[in-house]
Amino acid sequence: MNEKRINLLVDLARVGIIISITLALVFLIVFLASQEPFVAIYSFFIGPFTSIRRIGNIVEAGAPLMFTALAVIIIFRSGLFSMISEGAFFIGITGAMIAAIAWRLPFPLHPFGAILFGGFCGAVAALIPALLRMKWSVSEVVTSIMLNYVIQFLSIYLVNYHFREISSSSLASLLLEPTAKLPVIFPGTRIHVGILIALAACIVLYLFLYRTALGYSIRVVGDNQTFARYSGINAAKTMLFAQIIAGFIAGIGGASELLGMYTRFKWTSSPGYGWTGIVVALLAKRNPLLVPIAALFIGYMNVGADIMARSSDVSREVVDIIQGVMMLLIAAEALLGGFRQRLIVSAAKLEDSLKSPEIKLKQEKGV
Amino acid sequence: MPAIFSYIFSVDFFFMWIRVATPIILVALGAVVCERSGVVNLGLEGTMLIAALFGVLGSYFGKGLLPGFLLGIASALVVSLLFAFFHLVLKANNVLCGTAINTLAAGLTVFVLQMVTGEKGTSASIKSYSYPEVNIPILKDIPILGEILSGHNLLTYLAIVLLFVVMFLLFKTPLGLRIRAVGENPHAAESVGIPVVRIRFIAISICGALAGLGGMYLSMAYLPIFARDMTAGRGFISLAACAMGRANPIGVFVSALVFAFFDGLSNILQVLRIPAEFVQMMPYAATILGLTIYSIHRAHSLQRKHS
């Protein structure tokens, strides 16, 4: 067994353990909390598949997560721990809202422009903590989280003071121009063009990370800054560029969420897709091509939790608990590390004993 | 503009400044202990939130303040040990680990709140206890000063006491020496037989207890009820205060006061005609600004040292 196969085996075992612990946790919580646990369990696991509309909901829930997970992947891969994907997503929504209300453009141009503008806003937001980090080594973790709050209030201010629907008693923006909306692809659901953009982004980002020089530099800088410096890569520039791309992706995510799913801006607080995106990114093993699967899985759990909350006495926050636990377990790098070590050692021993004595002798002499 | 100054230089403002500073001081002191042992505890936000809820629930079920205090501290310790176990033993990255704890806490608190009270927003429907307010005997009779410094919550005075306790712990006790040694250079510490992981476990637990007090202050002193997500970034602001104070208790105390100033300011500015969103934004923007100014200053002084 070579190392690659051992790694695959251990990874599979890890996924198995993580999923079993998660499932056990769901059962435990539901049986502890619910008067009618079987109804709750059924609606959580089976509920999302009981109608076309609900299956559509899974995809709709997965789409924004794909964008934020991609942003998280690029940021983490470049070696920074900026949490800006949450804020970049939200400012992307706001940017797209401004474009969709204020601009007058014909159909395909309007959403296209609005999404680009949302992406631009996201990129600017992501640049701030990164610049502070590059220039004066301000901790990007704290500044990005603080900036998320600032963005949240800034967005709500913009809606409240400049784009507010006066006749509505709750906070809501004016109606978005119909020309700016992203069309639905599958009738009977709300799956919109945004999902295609998300899938395309996954592929483009994979190619970017693994097939371009800049993508390669980002990975090198993230893995080993010293090595990057010695091989002549400008680490600071590369990191900044990674943040811009990440912010841009999160921003177009926010924009296409707004234009695909809503007719008005109605958020009163940041929706949290950036945080959930971290779980998705970790679940996808920081590989853009695995992001759609991971995002659909988390989307499925969220839809299941919603259905469960509606049809039983268990609240939907179960899903946050589960996501937290999953994040802990996936982040635990040493989980099964001993197992991997033993496998590698025994494989090496086996290989060693299979070699002919002559070669062994040569190796020992160092020839 | 002069209106603002008359607000700021009022007795009420100074009193409120101390009120809003208390949780940040408590939690930032915890962060100091952690940071000194070489661990940045990014799960403070979640730890506070959990303690804020379980303190309230403890006092509700136990029908008294003491059960609330005990359950609050115990819950904060459990969360901290969870963080410590995953970070130190299972080698999870502290940012991810902390984020996971915060996600978990946000969900768990609302879930438990709904189970107990049937509501998802606040714990207003159950009767919980608050920490008492204390009048300091002689101090309270001094004009202005007495009005500002006396009559605060028990936890506020406890925070001041704990400031000195933490200083004493870090700089005058064998445990403090070990914590600092582990933080300064874990390999060197290990080579002279200091159990690095165990010391960090202890430091994270101390930090957890302090974060627990900070969390309980929010739901059992600052407000008499628990509200979902009521920590509102204070755990991170405390971390920023810890960084700005260079993990030195007195410096951190001052930084906490600086950040709290803007929190307090945002409270009084609500009466002026400024959009509420900008007022609410202020503590967070101030934290970014404060950290940046501090870092520029540090970069400059480093440069001077080298040249």
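Q: Is Ser137(A) buried, exposed or partly exposed?

A: Buried means under 20% relative accessible area, exposed over 50%, and partly exposed in between (1.4 Å probe, protein chains only). Ser137(A) is partly exposed, with a relative accessible area of 42%. This is a predicted model: local features need pLDDT of at least 70, side-chain atom pairs count only at pLDDT 80 or more, and totals for chains, interfaces and linings use all residues. Residues are numbered from 1 along each chain as its sequence is written, chains are lettered from A and ligands numbered from 1 in the order in which they are written, and side-chain values use heavy atoms, without hydrogens and water.

Q: Where does Ser137(A) lie?

A: Helices (H or I, at least four residues) are DSSP runs, numbered from the N terminus. Ser137(A) sits in the loop between helix 5 and helix 6 of chain A. Its phi is near 40°, a positive value in a residue other than glycine.

Q: How many residues of chain A are in contact with chain B?

A: Contact means heavy atoms within 4.5 Å. Here 45 residues of chain A touch 46 residues of chain B.

Q: Which helix of chain A gives the most to the side that touches chain B?

A: That is helix 6, with 14 residues.

Q: How many salt bridges are there between chain A and chain B?

A: A salt bridge is a side-chain nitrogen of Lys or Arg within 4 Å of a carboxyl oxygen of Asp or Glu. The count is 2. One of them joins Arg228(B) and Glu317(A) (3.6 Å, N to O).

Note on methods. Helix = DSSP H or I, 4+ residues; strand = E, 2+ residues; numbered from the N terminus.
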